[in-house]
Amino acid sequence: MNLSPSNRLTPWVGRLIAANAVVLLLLLTVFTSPSLQEALRFAPDQALHRPWTFVTYMFVHAGLLHLLVNMLMLFVFGPPVEHRLGGRAFILYYLYCGIGAAVLCLLLSGFMASAAVPVVGASGAVLGVAVAFAMLWPDAELLVFPLPMPVKARTFILVMVGLEVILSQVAPNDGIAHLAHIGGAGFGFLFFRLQ
């Protein structure tokens, strides 16, 4: 993929990266109370009593590495998608995917113990944005470290989502919200299929 204006940082991607960074900084330095972090995370068993957590959990991360991985993916896939959809549609789509990730966890929490654990992070929303990129530019070639050759966007995203599905079954208690990731990707896919 060549560098065009759609690859540069766009307004909503920049705002989301800044907001996520500021929230992590504040939670690590000023608002360090565990009860505040619990009030912001998405816990399926408390979700209906704390409806704000369908959104707030996306801005709370489990540490600097968690934040960096999510924001790097948003930085890579977000600007072209925002440029294509427009700013308003992009932020609504991002929130839709993040809320969809929480909804899937809520729906599965009665059947699967791994879906009932509290969730934090923007991974579901970001994976939804990556799905949008792959659906809009399926043949775009991505350089993925450490692979020696470019990979098509659709192949990369299919492999990522496939790994999430596998890991949700073989490592359900590894501390990673695989089902939320699947939810964000799934809701993103449905959005484009229903257009």
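**Figure 1. Lining of the largest pocket.** The lining residues of the largest pocket comprise 18 nonpolar, seven polar and two charged residues. The model is predicted: local features need pLDDT of at least 70 and side-chain atom pairs pLDDT 80 or more, while totals for chains, interfaces and linings use all residues. Residues are numbered from 1 along each chain as its sequence is written, and side-chain values use heavy atoms, without hydrogens and water. A pocket is an open set of points on a 1 Å grid over the protein atoms alone, where a 1.4 Å probe fits, with protein on both sides within 12 Å along at least five of seven lines; lining residues have an atom within 4 Å of a point. Ser 123, Glu 164, Ile 176, Ala 177 and His 181 are the closest of the 27 lining residues to the pocket's centre. With six residues, H7 gives the most to this lining.

**Figure 2. Surroundings of Tyr 94.** Beyond its neighbours within four places in sequence, Tyr 94 has contacts (heavy atoms within 4.5 Å) with residues including Leu 16, Met 58, Leu 74 and Val 129.

**Figure 3. A network of salt bridges.** Salt bridges (a side-chain nitrogen of Lys or Arg within 4 Å of a carboxyl oxygen of Asp or Glu) link Asp 139, Lys 152 and Arg 154 in a network. The N to O distance is 3.7 Å between Asp 139 and Lys 152. These two residues lie 13 residues apart, Asp 139 in the loop between H6 and strand S1 and Lys 152 in strand S2. For Asp 139 and Arg 154, the closest N and O atoms are 2.6 Å apart. Arg 154 belongs to helix H7.

Definitions and conventions: Helix = DSSP H or I, 4+ residues; strand = E, 2+ residues; numbered from the N terminus. Nonpolar A, V, L, I, M, F, W, Y, C, P; charged D, E, K, R; others polar.
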